[in-house]
Amino acid sequence: MCLLASTHMLHLSRVTWTTFTSESSLSFSLPDHPNTSEMDLFFAIFTVAEIALLLLFISFCTLLLRIFTGKSIKNPEYPPVMGTVFNQLFYFSTLYDYQADVARKHRTFRLLAPSQSEIYTTDPRNIEHILKTNFDKYSKGQYNQNIFTDLFGQGIFAVDGYKWRQQRKLASFEFSTRVLRDFSSAVFRRNAAKLGRTISEFTISNQTFDIQDVLMRCSLESIFKVGFGVDLNCLGGSSKEGSAFIKAFDDSNALVYWRYVDPFWKLKRFLNMGSEAVLRKNMKLIDGFVYGIIQGKRKQLSVKGDSKDKEDILSRFLVESEKDPRMMTDQYLRDIILNFMLAGKDSTANTLSWFFYMLCKNPLIQEKIAQEVREVVFSTKDNEASIDDFAMEITDATLEKMHYLHAALTETLRLYPAVPVDGRCSETDDVLPDGYRLKRGDDVYYLTYAMGRMSYIWGEDAEDFRPDRWLNNGVFQPESPFKFVAFHAGPRICLGKDFAYRQMKIVAMVLLRFFRFKLRDNEKQVTYKTMFTLHINGGLNLIAVSRLGLAKEN
Ligand code: HEM
């Protein structure tokens, strides 16, 4: 059959040749039968094609063998097998809801991968076991590290052991200092007011706007200032370089995540093609931008007596790098920066975006928070020119009193966790508290997004947005970190949790004091983009109405 088709192709090419050559070709007669060299060429092509097909077939069989052997598939001591990792490729665009569907039937289950089992769990007992009680038996795992090292390098998110402990110690110290706390609060207030003024301009010109986009810019500006002492000025959209950087960074985040479902990513990286070629191009842009910041900062710090800039996290690491220049290279500092950027930019901006989405869907809750803001921060001036004055009145003491807002933000994270799936890799064979066994090298993922929707964890109203579930007599009540696991738990619990709440509360207070928000299109389906952090796919277009104007009309 193949032979026939190929001979047919040979004839076709000869016809085409005679048709497309000039008039002179009319007098040029081709032989009726292919000559010996044509036959040789034909058989050579045919043989290569055959070998390629055979190799493909062998690779496919090897892949199947690797997926299905040595995994104790039928053994009930191991979690039930719900498919292979290719299921995730099939459900990629709705991945977290697919996981929630499976988790409704099985609190712990497995998907088979070529070299290991991927175990998924929603059981808080298992989560406590892997994140805290048996912390040393679990790591990030080589498989995960291979996937995200191009983006995260040797930063805190990607490493274990000594490198992790070193970064954790330094950063924990920084996050606990009064200097950083005061400096960051001042930055958050300034940027929240700036955001308020930006939205005020939208209301005046009757424009709709993408809240996720402006929140991303606002939080990027804050993390740059707090993390690296740099004014990015991307909220006004004036920094082209900054905008290009955000795009490259966000795209790289999504492209790296794609590797989890693309079995050919290593080959594509080697050949520099497709998604991997785009990733490499983005990384070049990102690296150029970040190395520029590091060099600028080194120069600033070399100026004697310039102690003001030591308020930011990068300066702290730079001082450290002078003690150990071999270890703290520019490459290492670049990794630290990108990790803090990822931690600080997307998480808070995404959470606030989903928070405003929930408030638009639940206008009574929106009004209740606005009321709480008015009660807690009493402002004598009541016009939009006073946005800055209002922001300056938000102190640590006022933030402490915002129980309902705190509950609404936590409820947002329960349903829309910034990190929807997270996990660890087992370094030894182990038995989980629910009785299931796992093998060395297996990954154990906890399904934060799915957990928020499980009635067996949160009750029958698990899928409802109900901030009151977090309040007892109006006072916020925290939950076990293994049940509400949005900030991770155990020794690697999120370092920026208080920092994030402070930033989110300041932004929410300023915006809800001055504006009421509505969705531009109530019918449009709002869903996520599958990547490391839970972005709203395509952004969230809102209309803001000035509360001051409303008050006057009333
Ligand atoms: C709503 C906001 C946030 C959420 C939901 C969140 C969530 C998380 C989660 C799930 C992890 C564990 C990731 C892993 O397995 O490696 C984590 C780690 C971390 N977070 Fe956050 N985060 C938030 C904001 C922030 C902010 C604003 C910062 C700092 C600027 C920050 C700094 C960190 C750091 C440094 C780690 C690594 C901790 C370690 O591995 O020891 N986070 N966060």
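User: What makes the six-strand sheet open, and in what order do its strands run?

Analyst: The order is E1-E2-E3-E9-E6-E4, with mixed pairing. Strands here are DSSP runs of E, at least two residues long, while helices are H or I runs of at least four, both numbered from the N terminus. Two strands pair if DSSP finds at least two bridges between them. Strand E1 (81-84) and strand E4 (138-139) each pair on one side only, and they are the edge strands. By the way, this is a predicted model, where local features need pLDDT of at least 70 and side-chain atom pairs count only at pLDDT 80 or more, while totals for chains, interfaces and linings use all residues. Residues are numbered from 1 along each chain as its sequence is written.

User: How do you know that E2 and E3 pair, and in which sense?

Analyst: Count the bridges: strand E2 (residues 108-112) and strand E3 (residues 117-121) share five, in the antiparallel sense. The cut-off is at least two bridges, so they count as paired. Thr108 stands opposite Thr121 in E3.

User: Why is Cys494 called partly exposed?

Analyst: A residue is buried with 20 or more other C-beta atoms within 10 Å of its own, exposed with 12 or fewer, and partly exposed in between; the C-beta atoms are placed from the backbone. Cys494 has 17 C-beta neighbours inside 10 Å, so it counts as partly exposed. Cys494 sits in the loop between strand E11 (475-476) and H21.

User: And why is Pro491 exposed?

Analyst: Pro491 has 12 other C-beta atoms within 10 Å, which means it is exposed. Pro491 is also in the loop between E11 and H21. Its C-alpha atom is 9.9 Å from that of Thr133, although the two residues are 358 apart along the chain.

User: What does Cys494 touch, leaving aside neighbours within four places in sequence?

Analyst: Phe487 and His488. Contact means that the C-beta atoms, placed from the backbone, lie within 7 Å.

User: What ties Cys494 to the ligand?

Analyst: Cys494 is among the closest of the 23 residues that surround the ligand, along with Ala343, Gly344, Ser347 and Gly496. The UniProt annotation "binding site", from an unreviewed entry, covers Cys494. Such annotations may be inferred rather than shown by experiment; positions follow the numbering used here and feature names are shortened.

User: Which helix gives the most to that shell?

Analyst: H14, with six residues. Helix H7 (161-176), H14 and helix H21 (497-514) each supply at least two.

User: What puts the buried residues of H6 on the same side?

Analyst: In helix H6 (residues 142-152), the buried ones are Ile147, Phe148, Leu151 and Phe152. They cover an arc of only 115° around the axis, so they lie on the same side of H6. That arc is taken from the directions from the helix axis to the C-beta atoms. An α-helix has 3.6 residues a turn, so residues three or four places apart point the same way. Those buried residues pack against helix H10 (240-258) and helix H14 (330-361). The face turned away from the buried side carries the exposed residues Gln142 and Asn146.

User: What is the chain doing over the "transmembrane region" of the UniProt record?

Analyst: The unreviewed UniProt entry places that feature at residues 42-65. Over residues 42-65 the chain is 100% helix and 0% strand, with the end C-alpha atoms 35 Å apart.

Key
Two residues are in contact if their C-beta atoms, placed from the backbone, lie within 7 Å. A residue is near a molecule or strand if its C-beta atom, placed from the backbone, lies within 6 Å of it.
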